[in-house]
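I opened the notebook to go through one protein chain. These entries record what I looked up, in the order I looked.

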Amino acid sequence: MFEDKFTELQMDMIDICEEYSCDMADKIFIYVSFEGALFPFHFYCIKNKLFHAGKLNKAGVNANFDVSVYCQRQVIAIIKEDAEEIKSICAKYNKPVPTEMRIVYEPKTKKLNAEYKYEKQFTDDMGLSNIVNDWFEKEQVKLEGKKESQAVNAIGWKAIQEEFLRVYPNQTNPKHYGTIIKRCFGGSDVFDGISIYDGGDFWHFVTFGLTELYEKEYEDKSTSGKGYELTFKLKKGFGDDEEAEIRTVCSNLQKIATHVFDDCEVFSPDEYIYTGQTQGIDANHKSKLTGFITVKDPSVETLDTPNGKVEFLELVGMTDEELKTLSSGDSVREIYKKLGSDITDYARDSVV
């Protein structure tokens, strides 16, 4: 029967989440989006407090939760597999496939509450992570007795947005590439998102994720997270597919930021990033630029946020020949002066 199989698949999702939370959760929350590609999320209530999947070890209980990226991906993979099965049985029994499913399960009482929506959920202003974060915050308000104004909000994110709005006052809705699974929900990407502002003859990229975008977590109160976000200015007009070039910049920024987290590599102004590659950093690898130098972004100001100081470290594209001449901060400053601009032009030749 359709109902029996549907419930069985939901319980399989719940079982893997119970295992992940070491049977310590008072409530398990599962979100699945069927709109487009399948994307599930899960978070937990322990001792009347909510925790994202990657932060269960902050619950203060006698358990050592495995919140490794590998383990989190295993949970996501099983939930996705069950969700695919749900789509299949809906088709088999000629039932509509929901656009989203929300499950709340209480292990002690075995109470299961599931809600389904069938209309389109995603809009230009409300993406997947926004929807899940909104649900998390509303549940947080109910469980922890906080007023909405006291719930975790994106104070660091808003500070960055406000600074770029100062520079680009009419761009309240810039291009934005959000991460499908944010780090706070167990994703492996460093950034929660990258915004791209129109600078006229160039695109101005800024990342969200190296600093503390939400609540304060680092011990150093004077500095927000790693202390900086990355920026990049790409001159328009290179290549036939501008959107592909923009996506490639976002990918390059994610790769560099991964080194910051995984290899504990912290960059400062007047450094160089020699990738060792001979192909261009553009989408089709036709540019002569293969790496970067770092400079303080001259377009934006250093921020003093509630979570600490935030600086903006700009990457500027360099040719292989240029990178091979660099050995110190002085040499970086000298070649930056030769360039005469912080805007990366994929079409330019080497200045050495």
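Which residues is Val 32 in contact with, leaving aside its neighbours within four places in sequence? I list Met 13, Leu 38, Phe 39, Pro 40, Ile 79, Ala 83, Thr 99, Glu 100 and Met 101. Contact here means heavy atoms within 4.5 Å.

**Ground rules.** I am reading a predicted model, where local features need pLDDT of at least 70 and side-chain atom pairs count only at pLDDT 80 or more, while totals for chains, interfaces and linings use all residues. Residues are numbered from 1 along each chain as its sequence is written, and side-chain values use heavy atoms, with hydrogens and water left out.

**Overall form.** I counted seven helices and 13 strands in the protein. Helices (H or I, at least four residues) and strands (E, at least two) are DSSP runs, numbered from the N terminus. I then looked at the extent. Along the principal axes, the C-alpha atoms fill a box of roughly 70 × 45 × 40 Å.

**Contacts and surface.** Residues 24 or more positions apart account for 63% of them. Of the 352 residues, 47% count as buried. Buried means under 20% relative accessible area, exposed over 50%, and partly exposed in between (1.4 Å probe, protein chains only). The protein exposes about 17,500 Å², and carbon and sulfur atoms supply 47% of that area. Accessible areas come from the Shrake-Rupley method with a 1.4 Å probe; for residues, only the protein chains shown count as cover.

**Charges.** I found 43 positive and 62 negative side chains. The centres of the two sets lie 2 Å apart. Lys and Arg count as positive and Asp and Glu as negative; His and the chain ends are not counted. Each charge is placed at NZ of Lys, CZ of Arg, CG of Asp or CD of Glu.

**Cores.** Next I went back to Val 32 and the core around this residue. The largest nonpolar core has 32 residues, and Met 13, Ile 30 and Val 32 touch the most other members. Each of α1 (2-20), β1 (27-33), β2 (39-46), α2 (69-92) and β4 (100-106) supplies at least two residues of this core. Helix α1 gives the most, with eight residues. Another core lies apart from this one; its 26 residues include Val 190, Ile 196, Trp 203 and Leu 289. By nonpolar core I mean a set of buried Ala, Val, Leu, Ile, Met, Phe, Trp, Tyr and Cys residues joined through side-chain atoms within 4.5 Å. In soluble globular proteins, nonpolar side chains tend to be buried together.

**Glu 100.** I set aside residues up to four places away in sequence. Glu 100 then touches Tyr 31, Val 32, Ser 33, Phe 34, Glu 115, Tyr 116, Lys 117, Gln 121 and Ile 131. Pro 174 is 74 residues away in sequence and 27 Å away in space, C-alpha to C-alpha.

**Tyr 228.** I moved to strand β9 (residues 223-235), which holds Tyr 228. Tyr 228 is buried, with a relative accessible area of 5%. What does Tyr 228 contact, leaving aside neighbours within four places in sequence? The list is Leu 210, Thr 211, Val 260, Glu 265, Val 266, Phe 267, Glu 311 and Leu 313. I also checked Phe 312, 84 residues along the chain from Tyr 228: the C-alpha atoms are separated by 5.3 Å.

**Loops.** I looked up two positive phi values outside glycine. Asn 48, in the loop between β2 and β3 (49-52), has phi near 65°. Asn 48 counts as exposed, at 51% relative accessibility. Lys 110, in the loop between β4 and β5 (111-117), has phi near 60°. Lys 110 is exposed, with a relative accessible area of 62%. Asp 240 counts as exposed, at 85%.
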